[in-house]
Amino acid sequence: MKRFGFHESPVLASRPVFWRARLVVIVLMLAFVALVAKALSLQILSNEFLQRQGERRYERTLVLPASRGKIFDRSGSVVLASSMPARAIWVIPEDFHKASDSQVKQLSTLLGVSVKEIHQRTRDEDKNFVYLQRQVSMDVADKIRQLKIPGVQQLPETRRYYPEGEVMAHILGFTNIEDRGIEGTELAFNDLLSGQPGSRRVIKDRLGRVVEDVQAVVPPVDGQNLQLSIDTGIQFDTYTALKAAIEQHKARAGAAIVVDAHTGEILAMVNLPSYDPNNTAQRTGPALRNRVMTDTFEPGSIMKPFTASLALDEGVISTRTQFDTGNGRYRYQGSLISDVGHYGVLTVGGIIQHSSNVGMTMISELLSSQAMWTKFSELGFGRVPETHFPGMASGRLRPWQRWRPIERATMAYGYGLSVSLIQVAHAYTVFARDGDMVSLSLLRREGRPTSVQVYSPRVAHLMRSMLEAAAGPDGARRAQVQGYRVAGKSGTARKIVNGQYSKTKYRGSFVGFAPVSDPRIVVAVSIDEPTTGGYYGGAVAAPVFSDIVSSSLRRMGVRPDAPVDSLVAVAEQGAHTR
């Protein structure tokens, strides 16, 4: 057997390959250096960039809502609109499906939503946020919280509350689900009431919890409070009187407005039918129409004082000028103009008192179309009233160049043009003042109002006396008020149906002011399509005027100006006619 020496052994003779070991060490060292370099890059060089990227994923801007301003009446003590705490009910569908049938049914009852609709809204489990209902009252929200329904969450918000309900509906309007005004005063002054929302930029964790603020908080600026010109007492009295008349005459609709003749402030404005702005289900249909401002109609005889005053102002007639109206029939430009009675020879005062169409036609023959159009325009007809209220109608007053002589005659007694009730009330302030028309306002005024001179003071006072006679015992006597001298004019107009004047549908109106010695208020009333108890303005609208004037002047503390014998006469009349 061959033996090997120590140095001759194959195992002992092999040498380790050191270059491979060195290579492994070098690779590990390079990897470590690269790791250190990457760590340095992430932690030092790219730290700000990466932090910004991370914040973008978890940063949120929270809107801090501003509180909407309150709306007060003219006294500043009665709140007409305010924002109340409420809750938005929302769910996480995946969690909500764990709720029991009993819990879902109770939720359905509290929200007034069917179980079927709730399941339809929450059937998509991929969604993580679904509204069930907004602006839920606090008491209902508390009952829902007590049910401890899986997946049902709540968010704080506000809802608008209107204490006066349908009495103030058309003045105030209402807000939408996002608390923005969409009708009435809420819309007209939305920017003022809304204020400016604030903001808070924060970082939230994956569970939605706020971890820290990123920027300084921008606080919200709450909306301003608003003080209207409306007197809640006069508003309620007007609403009550108008509602009673509509029910008595089974009328289709009605409207009334009360204006302070000294300041131009609107003290009351009522439209019927009305609605409750607190009930979203009622915010639809014809009830939303603010008829005082949006509905236009042919005014009829309530236009006659304006035409007569123009003739007096231009000097083409005097208070002694006589007009022979004959038997109440007058053939003019191929058309027959007629009166309801045979009045014979009349002065301008008699024409106003008896509401003679024939007499007004004769007066219109002495005027030019241009002069009438100019005066009607100065009175605000044919243009939108400047009250900053949404939806105001301009009415219709065609250019004078297109008037035919017969149209000049019919416009003289209120046919062939259209006006709104607020336009008529506004125009009548010229007779309640010294011939100047005061600007209107729905906000409480502090300083003196602006006005525009339309007629001379002499003519305004003359017409005031004529209108007092027109509302006296031999005129629209139902307009009289115990203790106060009143002046005004009734108007009755046929409605246009399918392009023709109807023989069965009328609008009865009355516009006037009181007390005559120093007029404080102008009141305009319109009853649309009365079906029982007559249809003439003196029969259906004048009594409403009387009720409104009586209660309003007493609320305002205006001293009676009627002589004692007049008080007795009115009292006796009331006993026989009411």
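I began with a charge beside a ring, and in this predicted model I found the charged end of R134 over the ring of Y131, 4.8 Å from the centre of that ring.

**Aromatic pairs**

I then turned to rings beside rings, noting for myself that two aromatic rings are described by how far apart their centres lie and by the angle between their planes. The count of aromatic pairs comes to 15.

Y415 belongs to the loop between α17 (405-412) and β16 (419-420), while Y501 is in strand β20 (residues 500-514), so the pair ties together parts that are 86 residues apart in sequence. For Y501 I noted a relative accessible area of 39%, which means that this residue is partly exposed.

I also recorded one aromatic cluster, which is formed by F306, F376, F381, Y428, F431 and Y455.

**A patch on the surface**

Last, I asked myself which residues form a nonpolar patch on the surface. I found W19, L23 and V27 there, with about 330 Å² of accessible area together. W19 is in helix α2 (residues 18-45), and its relative accessible area is 54%, so I listed W19 as exposed.

Methods:
Residues numbered from 1 in each chain as written. Predicted model: local features only at pLDDT ≥ 70, side-chain atom pairs only at ≥ 80, totals over all residues. Heavy atoms only, no water. Patch = residues over 30% accessible without salt bridge, like charges linked within 9 Å, V, L, I, M, F, W, Y side chains within 5 Å. Areas by Shrake-Rupley, 256 points an atom, 1.4 Å probe, with all protein chains shown as cover. Salt bridge = Lys/Arg side-chain N within 4 Å of Asp/Glu carboxyl O. Helix = DSSP H or I, 4+ residues; strand = E, 2+ residues; numbered from the N terminus. Buried < 20%, exposed > 50% of the residue type's maximum accessible area, 1.4 Å probe, protein only. Phe/Tyr/Trp six-rings, centres within 6.5 Å; stacked < 30°, edge-to-face > 60°. Lys NZ or Arg CZ within 6 Å of the ring centre and 35° of its normal.
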